[in-house]
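Visitor: I am new to reading protein structures. Could you show me how to look at one, feature by feature?

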Amino acid sequence: MSTYTLEQAIKPSRASIVSTLSGGKAREEDDELPDYISPEPKNAAERRDWERMSSRMEGFHAYFRHSFRQLFELSDGSFNERGMTVRDFMRLAEDFLMHLEFHHSIEEQHIFPILAKRMPQFRVDHQEEHDTIHKGMHELRWLAKRFKLDPTAYSPDEFRQNLVSWGPLLFYHLDAEVASLKPDILRRYWTLQEAKHLPM
């Protein structure tokens, strides 16, 4: 029986972040909000325009939440009941990592740079979260490779230990990123016309 629980792996927490900022000064300056705030949406169409980014991001994130939970739940060996071998299960883990890495690379190359021009959370906080999550992903990729080469070495506890090490930050990040794209936050930094053309 594993000593790790699903609750430990998915309870949102940013505790594992080691800030890359020196002295916290930049974060204090970044917390100042612009003087201008866009008006409240006048109708349902404007509300949809403001909600477009958070809604789409939530859709992507729902997949990652489900897949991470599935990996944790099956890692006790119950993947066998679904007709999977250790190698099959490791391929499932690698598929999850590939999709998450692809999603992060799109964000970092095409979305974060534009949002970061005005929104400090995409310049610092969410990038720090990505960097720390990537360390856990790298370790899981190494575990998957090792267990594929030698399925007899598979350890549910070792696999779950990895998920517990970065899962709480992943779940925190999935929530925080969507929250940063909610209309009331976007309106602090962008006009409606600008928000319509933000990449997503």
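Visitor: Which residues is His-173 in contact with, leaving aside its neighbours within four places in sequence?

Guide: Contact means heavy atoms within 4.5 Å. By that rule, and with neighbours within four places in sequence set aside, His-173 is in contact with His-104, Glu-107, His-126, Glu-129, His-130 and Ile-133. One caution before we go on: this is a predicted model, where local features need pLDDT of at least 70 and side-chain atom pairs count only at pLDDT 80 or more, while totals for chains, interfaces and linings use all residues. Residues are numbered from 1 along each chain as its sequence is written, and side-chain values use heavy atoms, with hydrogens and water left out.

Visitor: Is His-173 buried or exposed?

Guide: Buried means under 20% relative accessible area, exposed means over 50%, and partly exposed is in between (1.4 Å probe, protein chains only). His-173 has a relative accessible area of 0%, so this residue is buried. Its place is in helix H7. From His-173 to Phe-112 there are 61 residues in sequence and 14 Å in space, C-alpha to C-alpha.

Visitor: You mentioned a helix. How many helices and strands does the protein chain have?

Guide: Helices (H or I, at least four residues) and strands (E, at least two) are DSSP runs, numbered from the N terminus. Here the protein chain has 9 helices and 0 strands. Its C-alpha atoms fill a box of roughly 60 × 40 × 30 Å along the principal axes. Of the 200 residues in the protein chain, 42% are buried. Among contacts with a separation of 6 or more, 81% are between residues 24 or more positions apart.

Visitor: How many salt bridges does the structure hold?

Guide: Side chains of opposite charge can pair when their charged atoms come close. A salt bridge is a side-chain nitrogen of Lys or Arg within 4 Å of a carboxyl oxygen of Asp or Glu. The structure holds 14 of them. In one, the side chains of Asp-125 and Arg-14 meet at 3.9 Å, N to O.

Visitor: Why does the pair of Asp-125 and Arg-14 tie together parts of the sequence?

Guide: Asp-125 lies in helix H6 (residues 125-149) and Arg-14 in the loop between helix H1 (6-10) and helix H2 (25-30), so the pair joins parts that are 111 residues apart in sequence. Asp-125 is partly exposed at 22% relative accessible area, and Arg-14 is also partly exposed at 22%.

Visitor: What about Glu-128 and Arg-14?

Guide: Their side chains meet in a salt bridge too, at 3.2 Å, N to O. Glu-128 lies in helix H6 and Arg-14 in the loop between H1 and H2, so this pair ties together parts that are 114 residues apart in sequence. Glu-128 counts as buried, at 4% relative accessibility. Arg-14, Asp-125, Glu-128 and Glu-129 are linked in a network of salt bridges.

Visitor: How many residues apart are Glu-51 and Arg-47 in helix H3?

Guide: They are 4 residues apart in helix H3 (residues 44-74), separated by about one helical turn. Glu-51 is partly exposed at 29% relative accessibility, and Arg-47 is partly exposed at 30%.

Visitor: Which side chain of opposite charge is nearest to Glu-46?

Guide: For charge, Lys and Arg count as positive and Asp and Glu as negative, while His and the chain ends are not counted. The nearest one to Glu-46 is Lys-42, 4.0 Å away, yet Glu-46 is buried and has no salt bridge. Glu-46 is placed in helix H3. Not counting residues up to four places away in sequence, Glu-46 touches Glu-40, Pro-41 and Leu-192.

Visitor: How many aromatic pairs are there?

Guide: Rings of Phe, Tyr and Trp (its six-membered ring) pair if their centres lie within 6.5 Å; planes under 30 degrees apart count as stacked, over 60 as edge-to-face and the rest as tilted. The structure holds 13 aromatic pairs. Phe-89 and Phe-159 form a tilted one, 5.2 Å centre to centre with 45° between the planes. Phe-89 is in helix H4 (residues 86-115) and Phe-159 in helix H7 (residues 156-180), 70 residues apart. Both Phe-89 and Phe-159 are buried.
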